[in-house]
Amino acid sequence: MSSTEQGTSSAAPAEPTTAPESAAAPEVPESFYYVHGKDKVVHKVSAGALQHSALIHGMISNLGYTEEQAKANPFPFENIDGDILQMVVDWCNQHKGKPTPPEDTNLPKQKEKLFDLVLAVNYLEIKELLTYCCKQVAMMVKGKSPEEIREIWMIPTDAEDEAAEKEAKKRAGKEAAGETAAAAGDAK
Amino acid sequence: MPFPILRTPFVVLSEIINLLEPNEIVTASFCSKNLKRLLKRHYQQRKPLEWRLSIVAHGFWGRVDIGKLSDEYKKKPVLSAKHVFEIRHKSEHKLIQMNGYKREFSSEYPALYFQDRAKGLKMIVEYATDLFNLDVYALLIDGVRIWAIDWINNRQKTMLVHFELKKNICSLDGDEEMDCALRNARASDFYIFNEIVSVNFRFNGKLGPADHLLILSYGHWVTLDNLMNFDFIIIIIVGSRLSVSDLNSFLRHWRAGGSPRLTYLRLHLKTDTILENFDEDLEVVETDEVFKCRFKNGQEFDINGGYRIQRIDGEMATIHFEDGCFELVVSISDIVL
């Protein structure tokens, strides 16, 4: 249950339409919050869906926002790409109020986005989705040789690690020398 | 599409490592020294307590296996050591020359080739125990690797849980190795012997305490004295040459409170022994009841009738003899061994 708006000043998102669950129980209106990523596209997400994210859940439970306040103050996640945030929001909506199955077929399929997705999910503290993503990463190397794993996981060779270490030392040395020279200049 | 795993946050990296199988961890550890260090650090911080590391070495190769509790400790190979001689049977193009050995990736785990088999086995054991921060749980070797008993005893404080001496396919007489294994191997649960020994082989030491003793072939060397001194809960001996008189003597010993931990004894007698009568002083009583026995591994079998015998402290046992197989089951009615 989400809608996407282009920019925070766009028209208000459509209200969710939900059928009453039973005639006896009075319907409790679902509260919604708004999030946006690097692209500033605002996503309207129900509090139920956002419960998957320990980070956002922690934030909203302390705020006590009204609908209007929530709309006026979307949560900014500037470190998350818009398409990645969309994937996360979709997943949270698909799994709203449901127990998460051991194998998730609703996982985002774009492998090239997996790294960014993992970082976003880890930042937003969505434990189940993080586990699914990590399973995908672990599955990548099933039956693979060390050389194949090195390519898949982008592991530098020993020679590359040594060269990088030398380079880092050299840089650190130069920086230290620069600082010493600057300090000497200041003293004069 | 590549995934730069080393650029992920620590918590993510740990979660991914936790999801890998032991053989995948070992394979990944060969990617670089840096990744190996990282994996090793992971297991230093979180010792995989549910994993059991076994050495399986007989014939032409040696291997390290790991079993997990979630998989009922079903062992899976993680690393093997072979003699360079075996390279001749394969194409060399996938082999990678390392420092002192050659390495290839064979189906699901790395295989290392050495000039010296013993050095190879030691190296893979050191490698895996160091990587996972684990001691050796089970040692399954043939007589050629008998040195591994002392080597393991000296390199770890914890006792082996499972020891097995396998048949040496290159030798017809493993007396010396068998004697060495009986005297030096120490295990808390299983002792399994399958080595070929000569008709003159004898052992005058003690064995146990442990839970299981299985002599799966060439059990002719076990004397009445041996049997009375074995300290086990379950004893199974194949190829036993104990006589009817020995069996009566053993029952007398048991009745008087000997072998107090024993709950199940099975002797597959090699001789044409026919156990028709017991010595009168044993006071055995014939029974036609059926008893179900169940081993820890779930294996079940029935004892169909036989004789009941009572120990001095009141404990009951059932004796069954059929087709050269003598069984003594302590306590009766639906026993869980």
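**Labels and their grounds**

Tutor: Let us start with B:Ala28, which sits in helix α2 (residues 22-29) of chain B; helices (H or I, at least four residues) and strands (E, at least two) are DSSP runs, numbered from the N terminus. This is a predicted model, in which local features need pLDDT of at least 70 and side-chain atom pairs count only at pLDDT 80 or more, while totals for chains, interfaces and linings use all residues. Residues are numbered from 1 along each chain as its sequence is written, and chains are lettered from A and ligands numbered from 1 in the order in which they are written.

Student: What makes B:Ala28 buried or exposed?

Tutor: A residue is buried if 20 or more other C-beta atoms lie within 10 Å of its own, exposed if 12 or fewer, and partly exposed in between, with C-beta atoms placed from the backbone. B:Ala28 has 23 other C-beta atoms within 10 Å, and therefore it is buried.

Student: Which residues is B:Ala28 in contact with, leaving aside its neighbours within four places in sequence?

Tutor: Two residues are in contact if their C-beta atoms, placed from the backbone, lie within 7 Å. On that test B:Ala28 is in contact with A:Val141, A:Pro146 and A:Ile149 of chain A, and with B:Leu35 and B:Leu39 of chain B, once its neighbours within four places in sequence are left aside.

Student: How many residues does each chain give to the contact between chains A and B?

Tutor: Chain A gives 29 residues and chain B gives 26 residues. On the side of chain A that touches chain B, the elements giving two or more residues are α5 (114-124), α6 (127-139), α7 (146-152) and α8 (158-187) of chain A, and the largest share, six residues, comes from α6(A).

Student: Why are the buried residues of α4(B) said to line one face of the helix?

Tutor: The buried residues are B:Gly120, B:Leu121, B:Ile124, B:Val125, B:Tyr127, B:Ala128, B:Leu131 and B:Phe132. Seen down the axis of α4(B), they fall within an arc of 160 degrees, so they line one face; the arc is that of the directions from the helix axis to the C-beta atoms. The face turned away from that buried side carries the exposed residues B:Lys119 and B:Glu126.

Student: What is the phi of A:Met154, and what is that of B:Glu283?

Tutor: Phi is near 55 degrees in A:Met154, a positive value in a residue other than glycine, and B:Glu283, which is not a glycine either, has a positive phi of about 55 degrees. Most residues other than glycine have a negative phi, and most peptide bonds are trans.
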